[in-house]
Amino acid sequence: MGSRLSTRLMNICISCLCKVQKLEKAEAIIVDGIRLGVIPDVVTYNTLIAACGRLVCMDAAYAVLHRMKEAGISPNVFTYNSLLAGATRHCQISLSLDLFEEMLQMGISPNVWSYNMLMHCFFRLGKPDEAYRVFRDIILNNISPCPTTFNIMMNGLCKNGYADNALMLFRTLERHGCKPELVTYNILINGLCKAGRLKAARRILRQLGESGCVPNAITYTTVMKCCFRSGNFEEGINIFTEMKRKGFAFDAFSYCTVTGALVKTGRLEKANECMEQMVENGIVLDIVSYNNLINLYFREGKLEAAYKLLDEIEGEGLECDKYTHTILIDGLCKAGNIEGALQHLQYMNSMGFDSNLVAYNSLIDRMCKSGLIDQALRIFDLMDLKDSFTYSSLVHNLCKAGRFRCASKLLLSCIRNGMKILKSSQRAVIQGLRNSGFRRDAGKLLTKIRVAKI
DNA sequence: CTAGGGTTAG
């Protein structure tokens, strides 16, 4: 009895240490405890596995799992949920799916948390149908869904292009005996904004006001971003000011949102002030903040300062992401160093990022503008993924160079691939063909475009 | 233990 009490005490200790991220200390206490005859139980190990998975890496979590098994303690549903959470956090989605499978094979019944994470994983993999099947299983198997179940569902639907379905689900919440939380509103407002459903987003925002929930900094940042995205710059800044007046603590998210908008609208001076404020307020720069700063420096032509920051990233124990590389490539392009941009693109490709589309687009556009259209076309052929940016840029510049037939071919293949293209680029081709004496070709092209659209 | 906001190209 006494020993069980001390185990519980030890677990409380370990839980606290994990919360303040002192994992080594927590591990040391377990070792000391064992020496003093305090036996760790399944809760002890689960706490540590959760913390390792969340704060360190999956290998660390597995190492604890290994020791747990050696101590003769069998994993339970909490163990697996902790592992699932860690794997999902580190974007190891297929590992998460394997873990879920393994849990079933071990005869451990998943609980609602396990299903929540499984749903989340399917959404992350871009498989909303599978996620929905899990959701139905929850309902059909009489596992009571919790508010988070609905939040994950709505967020996943939004992220996978089904904002309307998320809205529908939102309207059934009460029927499910579930009251929307602030998170729920934030998810919906963000999802609807990104889907361009501004009116619906505004309705939800009003509903949030009537619900008795109090908006937080996330709500404000979301709405602010939404204003910037829809070209409502002044209104976005007003929200920024209101946030300050209401005394919200600004974090990297809000500063970066504002900086991004300032840079985009060419207000570099103001952007600089904003970033300075962020640093003065003692906010530790994360990779997104670095990306913002580097982008700003490139725009200001402060190349040396930008490079210095790039060096600093590694020193801070951060890792450059695809945005960092894209910003660098774009910056090199804008500085006229196409050769350097190409080299860095090759380097970026060797790192195996999931997407390099924007970097390619930036390079192609800059090459075209520098009169290197044929080189740009060769790069175009190397791309395995193209979008409307790619086509608009090439078609536009081919027209400018008077190469309307080539532009016409590209335009058509763009539309046949089901992609949009800037209206101005499209007009340029038609007009160009007409003006250079190819009226019939212009007519034919128009017909083909109409057919392709059907 | 799980969920929400920020950064790149015309």
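## Domains

Chain A of this predicted model splits into domain 1 (1–110), domain 2 (112–215), domain 3 (321–384) and domain 4 (386–454). The bounds come from an automatic or database domain assignment. Between the C-alpha centres of domain 2 and domain 3 the distance is 38 Å.

Residues are numbered from 1 along each chain as its sequence is written, chains are lettered from A and ligands numbered from 1 in the order in which they are written. Local features need pLDDT of at least 70 and side-chain atom pairs count only at pLDDT 80 or more, while totals for chains, interfaces and linings use all residues; side-chain values use heavy atoms, with hydrogens and water left out.

## Charged surface patches

A positive patch on the surface brings together Lys159, Lys194, Lys225, Arg229, Lys264 and Arg299. A negative surface patch consists of Asp311, Glu312, Glu314, Glu316 and Glu319. Patch members have over 30% relative accessible area and no salt bridge; like charges are joined within 9 Å, and nonpolar side chains (Val, Leu, Ile, Met, Phe, Trp, Tyr) within 5 Å. Lys and Arg count as positive, Asp and Glu as negative; His and the chain ends are not counted. Each charge is placed at NZ of Lys, CZ of Arg, CG of Asp or CD of Glu. Accessible areas come from the Shrake-Rupley method with a 1.4 Å probe; for residues, only the protein chains shown count as cover.

Lys194 belongs to helix H11 (residues 182–194). Helices (H or I, at least four residues) and strands (E, at least two) are DSSP runs, numbered from the N terminus. Lys194 is exposed, at 53% relative accessibility. Asp311 sits in helix H18 (residues 303–315). Asp311 is exposed too, at 59%. Exposed means over 50% relative accessible area, buried under 20%, partly exposed in between (1.4 Å probe, protein chains only).

## Salt bridges

The structure has 10 salt bridges. Each is a side-chain nitrogen of Lys or Arg within 4 Å of a carboxyl oxygen of Asp or Glu. One of them joins Lys246 and Glu242, with the closest N and O atoms 3.4 Å apart. Lys246 is partly exposed at 48%. Glu242 is also partly exposed, at 28%. Glu300 and Lys302 pair at 3.1 Å, N to O. Glu300 is partly exposed at 25%, and Lys302 is partly exposed at 36%.

Asp441 and Arg405 form a salt bridge at 3.6 Å, N to O. Asp441 lies in helix H26 (residues 439–453) and Arg405 in helix H24 (residues 404–416), so this pair ties together parts 36 residues apart in sequence. Asp441 is partly exposed at 25%. Arg405 is partly exposed at 46%.
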